[in-house]
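These are my notebook entries on a structure that was new to me.

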2 protein chains.
Amino acid sequence: MSLPARVRIVEVGPRDGLQNEPRTVPVQIRAELVRRLADAGLAAVEAGSFVSPRWVPQMADTEAVLAALPPRPGVRYPVLVPNEKGLERALAAGAREIAVFAAASETFSRRNINCTVDESLARFAPVVARARAAGLAVRGYVSCVLGCPYEGAVAPEAVVRVAAALHAMGCYEISLGDTIGVGTPGRARALVKAVAREVPVGQLAVHFHDTYGQALANIYAVLELGVSVVDSAVGGLGGCPYAPGAAGNVATEDVLYLLHGLGIETGVDLDAVVDTAWWIAAALERAPASRVAHALRRRRG
Amino acid sequence: MSLPARVRIVEVGPRDGLQNEPRTVPVQIRAELVRRLADAGLAAVEAGSFVSPRWVPQMADTEAVLAALPPRPGVRYPVLVPNEKGLERALAAGAREIAVFAAASETFSRRNINCTVDESLARFAPVVARARAAGLAVRGYVSCVLGCPYEGAVAPEAVVRVAAALHAMGCYEISLGDTIGVGTPGRARALVKAVAREVPVGQLAVHFHDTYGQALANIYAVLELGVSVVDSAVGGLGGCPYAPGAAGNVATEDVLYLLHGLGIETGVDLDAVVDTAWWIAAALERAPASRVAHALRRRRG
């Protein structure tokens, strides 16, 4: 039980965050958000997704976001890709990394992407193969790893199966997502232990939503198992817990405060992330949904 | 590293929570709050304090709160007592349990109670002795255990000294308070380990504020050391983290969600606590400052 010396944060605010905000922000703001986050020291910033703008209008014109980002050594801008058509858009836009996503829950898979889990895996296999042949890195997401809004509790075995399949396809990292934020540390640890029997723990990331306030406790619990990659979103983008119906990603600044307090290196400037949280919150005409953004601003006076 | 099978929650909302709210609620509401919390299964509910109403108007007339509470087997209603005069009021009001408080930081002690740490301990010794002679149980609080607003970091040795002194005086339990919420799990564990060398871990409680969102991670980390008593406040009373200048106690409902998810028994009905969080928030004309209160209300629809 020793904590990692260094943790890599995968910043998902400009994608998983903004796509779940009721308000759509213009492309220039989206690109500026990515730039500010990279300036803060975040070496992986998810820049957008190539899903249909009919379904996710918040992510329309991701091509323009990528085009506005200057290449930057050591910084990656992954984009979400749902299918072959999305991959074509990503390749045409010059993306260097993509992410694919499958669910651990059958009902969620059917309702979210209109196919079974196995169908989704079969759909991704050629996408991943083609992306890798073109030299792209591919990250895999598994959603609903600790619970499903339709099915309730999700068995670790269901997660293991999907994670192992994405790993076998060639995803360099598998991000385990507690999409509805219901998990607590004991279940999070049991899940990571189960998946780590099939996918090396060094290739696992965790992706918590803070719906029930459990995200940091869960992160701390799995750090003890050797997990060293954490997804988070500046300002807790993706929903304000103080508005009905919404609940966002765990906030990058809350995660940084935890990690730095534990003496874990991240290479990220907490103050710069807090500034960015207030900046994007202003664009969304609300306050950041994180404790640290508020506490540090108060402390600065 | 095994978690306790059962955790006792000490509900501090009606005292530590309400005394830090900008809005004062009437005595009937304060008593009704205590009653609802006891109905929810909370076996220790701090009912008020006997400090001067000049300094803490929110806690005026704590006598009337106690008078409005029917005796209830198995439920304790501790009240905070700052000095002999406070003890006299507590005895006259029929209190069965009191709490005394000292700081681990000299500057905080001087600014908060206008005396040195040693002076405060000397002041409490006769109060504790007299209370115990009268058959009352006495709980001790140590504040600023992980940080001081004036001095910054606080050394564990300073906390150990104060905790050991309160223990030696006859306090049956010592509650370690991260008053400004700056702690992270590694420092929380180091502190508990240091104090547990002088005071048995079974006589320690932890009292976190959620200023930086770290409270649940800290609680999880010290549960692993055998701590089994947690202070919390319904609805995160004591400040809304989304209002400037305020930051409250960790919310009882967030703690319960964590503990129940870990399979730890509390004897407390989470839904009843969430209902109470919304009820007292309405009296304060704001929303509860907890994730779980919002998430569970959404889920109920």
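This is a predicted model: local features need pLDDT of at least 70, side-chain atom pairs count only at pLDDT 80 or more; totals for chains, interfaces and linings use all residues.

**Entry 1, confidence.** For the complex it gives an ipTM of 0.94 and a pTM of 0.95. In chain A the mean pLDDT is 94, with 96% of the residues reaching 70 or more. I marked residues 241-246 of chain A, where the pLDDT is below 50, although this stretch has 20 contacts in the model beyond near neighbours in sequence.

I found 12 helices and eight strands in chain A. Its radius of gyration is 18 Å, close to the 19 Å that the globule rule gives for 301 residues, so chain A is as compact as a globular protein of that length. Along the principal axes, the C-alpha atoms fill a box of roughly 55 × 45 × 40 Å. I also noted that 60% of the 301 residues in chain A are buried. When I took the contacts between residues at least 6 apart in sequence, 75% of them joined residues at least 24 apart. Chain A exposes about 10,700 Å², of which carbon and sulfur atoms supply 53%.

Next I turned to Arg30(A), which is found in helix H2 (residues 27-39) of chain A. What is the nearest side chain of opposite charge to Arg30(A)? It is Asp61(A), 5.7 Å away, and Arg30(A) is buried yet has no salt bridge; the cut-off for such a bridge is 4 Å. Beyond its neighbours within four places in sequence, Arg30(A) is in contact with several residues, including Leu18(A), Val25(A), Gln58(A), Met59(A) and Asp61(A).

Glu285(A) is not a glycine and yet has a positive phi of about 55°; I placed Glu285(A) in the loop between helix H11 (270-283) and helix H12 (291-300) of chain A. Is Glu285(A) buried or exposed? Glu285(A) is exposed, because its relative accessible area is 61% and the cut-off is over 50%. In chain B, Asn114(B) has a positive phi near 60° and lies in the loop between helix H5 (106-113) and helix H6 (117-133). Asn114(B) is exposed as well, with a relative accessible area of 68%.

How many salt bridges does a search of the whole structure find over all chains? The search finds 36. One that I followed joins the side chains of Arg6(B) and Glu265(B), at 3.1 Å from N to O. The two are 259 residues apart, Arg6(B) being in the segment before strand E1 (8-11) and Glu265(B) in the loop between helix H10 (252-261) and helix H11 (270-283) of chain B. Arg6(B) is partly exposed, with a relative accessible area of 46%.

I looked up Arg139(B) next, and its side chain meets that of Glu173(B) in a salt bridge of 2.9 Å, N to O. Arg139(B) is in strand E5 (residues 137-143) and Glu173(B) in strand E6 (residues 173-178) of chain B, 34 residues apart. Arg139(B) also forms a salt bridge with Asp231(B), the closest N and O atoms being 2.7 Å apart. Asp231(B) lies in strand E8 (residues 229-232) of chain B, so this pair ties together parts that are 92 residues apart in sequence. Arg139(B) and Glu173(B) are buried, and Asp231(B) is buried too.

Conventions. Residues are numbered from 1 along each chain as its sequence is written. Chains are lettered from A and ligands numbered from 1 in the order in which they are written. Side-chain values use heavy atoms; hydrogens and water are left out. pLDDT is the predictor's confidence in each residue, from 0 to 100. Contact means heavy atoms within 4.5 Å. Helices (H or I, at least four residues) and strands (E, at least two) are DSSP runs, numbered from the N terminus. Buried means under 20% relative accessible area, exposed over 50%, partly exposed in between (1.4 Å probe, protein chains only). Lys and Arg count as positive and Asp and Glu as negative; His and the chain ends are not counted. The radius of gyration is taken over C-alpha atoms; the globule rule is 2.2 Å times the number of residues to the power 0.38. Accessible areas come from the Shrake-Rupley method with a 1.4 Å probe; for residues, only the protein chains shown count as cover.
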